[in-house]
Every structure is written in structure tokens, then in C-alpha cells.
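Have a look at the structure first.

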Amino acid sequence: MTVVMREIAPTGTLRAVINLGNPILARKDDSTGEPVGVSVDLAKAFAAKLQIPLALISVDSAAKSVEAVTQGQADLGFFAIDPVRGNGISFTPPYVLIEGSYLVKKDSPLVDNAQVDQAKHQVVVGQGSAYDLFLTRELKEARLVKAPTSPMVVPFFMQGTYDVAAGVKQQLEADTQKYEGLRLLPGRFMVIQQAMGQSNAISKAAHQTLIDFVAEIKSNGFISESLYRHQISGATLAP
């Protein structure tokens, strides 16, 4: 095993952390209970390229993914690019783009994203999610309320007297089918750049290996095919 390979996978097995809290990129298979999705496909393809075994570590939030990689429990993960996470994670260029949207109750007076940032409003987000990090910086008046994970945002929202829920557009759209009396505000409040990432303690050569892999699977159609196979309409190939 080369020096670079030992850096990428020091145990000899590629340990990839999979965030099941982002349904666009990963979920549990209903029949097997195993993680499946675009990020799983990418982890398998990278391990195959390196010709080493793969171990998947499933977590339920982005914050736990960051923790696993920065603490050396995983060799790589799948993250929304964010400057806060950049303190411990080295990102590749993005491979897909995902929209973030707001959800409100049907009788809410809110009809536009620009109306959300008011002192009287409470906005529910998933703890440590890209939306949490982004809105912590961007909202000046509205107060953020943290749900334990991104998939719990709408159930949490429904249990209280909150004004807005924020998250992955497609997750929120799906939740409008599960709960009555909800609607999405038109448009989006952010676009998430989804990337692969390693601990920023890794060498430039080892990180370049992952950067080159992402460039290859973007250009050869692998990402587009994976999105199509998993019937993901909420993400687009990053330029």
C-alpha cells in the first residue's frame, strides 16, 4: 500500500460515513435495512477504484458525519460545503446541487421567502444541518429552533406553534403529503453544494486523489446515472 493510500484509508478499509438524514443522497432500503443512494454509490465506486474493502458508517445527521471524519472514525463523508465545516473538513468541488426551501402552514400570512426574517418568527431547522449553519449567518431577526435531525424538522414543526420549517425542498414536499395543511413558499432560500470531504489533516496528494475521482464521475455520467436510478429529482449535477 502506497503512502497516499495509507493516508486515505489507514485501516486498509475505506470507512465512509453516510448521512441518512439527507434523503436526497441516502436512505435505508425498505427490504434490507442497508443504506442505499447516491452517496453510497459514490463510496462503493471510490473503494473499487482504490481496490480496497468498504465499510459504511450510517448516521442520522450532518453534524455526526462531520464528527466521524474530524475525529478519525471515518475516512470520508458527504457534506454540504460550508465555511464552518471547513474548519475541520477538506471538501472536493461539488458534485450535485440541492435546493433549500421554506415550509409554512396553509393559513400562514407568509407568501414570500423575504418575509421570513422577522423578529416574531420562529424557524425550525435540523441541528447542525447546512440550513442551520446558513440561516444562523443569514437571518438577522427571526429565531432558529433546532430539531434533532433534518428528517425530524416537520414533525417537530407540527408539534409546536412555530412559523416556518426549513430544509431540503424534496423532503419538505414529501412531508406535505404526510401532514395536512402545509405548503411550501415559492422558490428557494439557498442552493447547497454537495461535496465529498476528508479530514483537513490529510495531505494535498491524498486529497487530490479524491478531487480527481469526483471530477471523473461527474464527467463520465456516473453521477447523472445514479441520480436517475434512485429517482432523485431534487438534485442536479454540479457544473
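Buried means under 20% relative accessible area, exposed over 50%, and partly exposed in between (1.4 Å probe, protein chains only). Helices (H or I, at least four residues) and strands (E, at least two) are DSSP runs, numbered from the N terminus. This is a predicted model, where local features need pLDDT of at least 70 and side-chain atom pairs count only at pLDDT 80 or more, while totals for chains, interfaces and linings use all residues. Residues are numbered from 1 along each chain as its sequence is written, and side-chain values use heavy atoms, leaving out hydrogens and water.

Start with strand S1, residues 14–19: six of its six residues are buried. Side chains in a regular strand alternate between the two faces of the sheet.

| Direction from S1 | Residues, buried |
|---|---|
| One way | Leu14, Ala16, Ile18 |
| The other way | Arg15, Val17, Asn19 |

S1 pairs with strand S4 (residues 54–59) in the parallel sense over six bridges; pairing takes at least two bridges found by DSSP. Leucine 14 sits opposite leucine 54 of S4.

Serine 61 is buried, at a relative accessible area of 7%. Beyond neighbours within four places in sequence, serine 61 is in contact (heavy atoms within 4.5 Å) with Asn19 and Thr149.
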